[in-house]
Amino acid sequence: MDDLMTTYLRPLFWMLLGIGGILAVVLGGTAYLTYAERKVLGAIQLRKGPNVVGPFGLLQPMADGLKVMFKETIIPTQANVFLFIAAPVMTFLLALSAWAVIPFDAGLVLANINVGVLYVLAISSLGVYAIIIAGWASNSKYALLGGLRSAAQMVSYEVSIGLIIVTVLLQAGSLNLSEIVEAQKDGWYIFSLLLPMAVLFFASALAETNRSPFDLPEGESELVGGFNTEYSAMIFALFFLGEYANMILMSAMTTILFLGGWLPPWTALGFVPGFVWFALKIALCLFVFLWVRGTLPRYRYDQLMRIGWKFFLPLSLLWVVVVATVKMLAGGA
Amino acid sequence: MIIGALFYLFALVLIASAVAVVSVRQPVNAVLFLILCFFNAAGLFVLLGAEFLAFILLIVYGGAVAVLFLFVVMMLDVKGDVPRLPLKRFLPLSLGVGAVLLVQVVIMAAFWPEAHAVTSVAADSENTKALGRVLYTDFIYPFQVSGLVLLTAMIGAIVLTQREPRGTKRQNVQAQLDRRAEDVVTLRHVESGKGAL
């Protein structure tokens, strides 16, 4: 009985506490990312953004949350009800579960597994299902077309994301996210040979999270609302929050792979705790997400596919060879 | 104890969903059960300590192959009642295939202690490294050859199915980018009341 207590129950308790902590931080971040987006877009377009609910409109996310909860959930006739509801739940679940392997600081990670990078890649590649199932289960033409479009887009950009990650892995020599960050002690990867890959990774992240300028899945002008046309109220909110949680996740991945994770920019600033640097770097990436949205027009679908398959993919493949060659010549093999 | 319970959980769900793949009527549901199969197989790999294989299974089969299945199946406009195939016609064939597989499992079980000894050697070190070392040293030729076979198959499939439909208008992106405003637009000052020309 004592054995059960020490080997299972106590770790389980700490793990649940850790999960609770991460959920609180990520959900809080997600809620305020929606606020930040409206404020930043407001500033870019010379508007004020939300400024009525609470000081500086800070309570706006709460008000939106309440509103969405009290709205009526409409399920289309002839929709596949189980899958229709399961799809947004799955988006949200996947967006949150990837956080299990993200290191917030040295040693501050829920599950420090050896193949952390693969875990994140697997989770993000499963996100396609939620969208394609949502499109199909809605029993609506717009939703189906939006879902197919979105799935094609995500699958295409996953390929180049995979290859870009391979270049980082070659450089770091590990698939463990904490070790990848530690490997950047002598210089972040963005300031090295991997700079073009950092740019490509970020652009692919935009496509992977269906964000502008690659937000074709919800191209209003041709597809009404894309795969989530038929969704309303809370189940729509799950898609919406899932998208924002994915943005934060992709920013965290960019930070870990290229911006040195929790490492301070100068060692003189080492007294600031690591998770603060991590949060600041994520915030920087997120700002770029919003900035891009406020600046660039949407790509056409054929342009999107062309840039993914004919530019990103060959370039990242070439870079795998380049990085491997440099590493070999430097005697690192 | 908990590991054992997890094994039976994954194994039972795996078998149940595999049965569902071949028995549900709605093709989309069948593909979704197939994905559930992949998940549980990945769980079994993790229990064996082969986490690399587990996640590769999820990424390749779960993230890419099954998505394509789903793509195709969604395009079939089937609503519920698929005509049942005559069971009698396919029964001998399926029993034959099943018997072959059963024999293979029995043979495998006979050599289990030896096979198991091999896997536990690999599991000592980090299994990504172990796998990489084995694939790129001892099995480098089979590995590269299988890669080339897959590449050939892919190119073959594209060549066989690609047909250039007549009358398609293709855009030449470079030509579009090379177009300059001064080549195609002229600005003229027109005095009011006189009209252009």
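1. Ground rules. Residues are numbered from 1 along each chain as its sequence is written, while chains are lettered from A and ligands numbered from 1 in the order in which they are written. Since the model is predicted, local features need pLDDT of at least 70, side-chain atom pairs count only at pLDDT 80 or more, and totals for chains, interfaces and linings use all residues; side-chain values use heavy atoms, with hydrogens and water left out.

2. Helices H5 and H11 of chain A. H5 covers residues 141-172 and H11 covers residues 301-329; their axes come within 9 Å and cross at roughly 15°. Axes here are lines fitted to C-alpha atoms, for helices over the stretch in contact, with angles running from 0 to 180 degrees between N-to-C directions. H5(A) and H11(A) are therefore roughly parallel to each other. On that scale, angles under 35 degrees count as roughly parallel, over 145 as roughly antiparallel, 65 to 115 as roughly perpendicular, and the rest as oblique. H5(A) passes H11(A) in a left-handed crossing, meaning that the near helix is turned anticlockwise from the far one by less than a right angle. The residues of this H5(A)–H11(A) contact split into 19 nonpolar, seven polar and two charged. For that tally, Ala, Val, Leu, Ile, Met, Phe, Trp, Tyr, Cys and Pro count as nonpolar, Asp, Glu, Lys and Arg as charged, and the others, Gly among them, as polar.

3. Helices H3 and H4 of chain A. H3 (residues 81-97) and H4 (residues 116-137) pack at an angle of about 160°, with their axes 8 Å apart. That makes H3(A) roughly antiparallel to H4(A). Their crossing is left-handed. From H3(A), the contributors to the contact include A:Leu83, A:Phe84, A:Met90 and A:Leu94, and from H4(A) they include A:Tyr119, A:Ile123, A:Ile133 and A:Trp136. Contact, here and below, means heavy atoms within 4.5 Å. The residues where H3(A) meets H4(A) divide into 14 nonpolar, three polar and no charged.

4. A:Val155, where chain B comes in. This residue is found in helix H5 of chain A. Leaving out residues up to four places away in sequence, A:Val155 touches A:Val128, B:Gly63 and B:Val67. A:Val155 and A:Val68 are 87 residues apart in sequence and 31 Å apart in space, C-alpha to C-alpha.

5. Look for A:Asp215 in the loop between helix H7 (195-208) and helix H8 (220-223) of chain A. A:Asp215 is buried, with a relative accessible area of 11%; buried means under 20% relative accessible area, exposed over 50%, and partly exposed in between (1.4 Å probe, protein chains only). The side chains of A:Asp215 and A:Arg298 are joined by a polar contact of 2.9 Å. A polar contact is a pair of N or O atoms within 3.5 Å; within protein, one must be able to donate a hydrogen and the other to accept it, and residues adjacent in sequence count only if both atoms are side-chain atoms. Setting aside neighbours within four places in sequence, A:Asp215 is in contact with A:Asn210 and A:Arg298.

6. Two positive phi values worth a look. Phi of A:Phe56 is near 55°, a positive value in a residue other than glycine. A:Phe56 sits in the loop between helix H1 (2-44) and helix H2 (60-69) of chain A, and is exposed at 65% relative accessible area. A:Ala233 lies in helix H9 of chain A and counts as buried, at 7% relative accessibility.

7. A:Thr254. This one is in helix H9 (residues 233-258) of chain A. A:Thr254 is buried, with a relative accessible area of 6%. Not counting residues up to four places away in sequence, A:Thr254 touches A:Phe201, A:Phe202, A:Leu259 and A:Cys285.

8. Chain B overall. Chain B has nine helices and zero strands; helices (H or I, at least four residues) and strands (E, at least two) are DSSP runs, numbered from the N terminus. Of the 197 residues of chain B, 18% count as buried. Among contacts in chain B with a separation of 6 or more, 55% come from residues 24 or more positions apart.

9. B:Asn127. B:Asn127 lies in helix H6 (residues 127-136) of chain B and counts as buried, at 14% relative accessibility. B:Asn127 and B:Phe52 are 75 residues apart in sequence and 6.7 Å apart in space, C-alpha to C-alpha.
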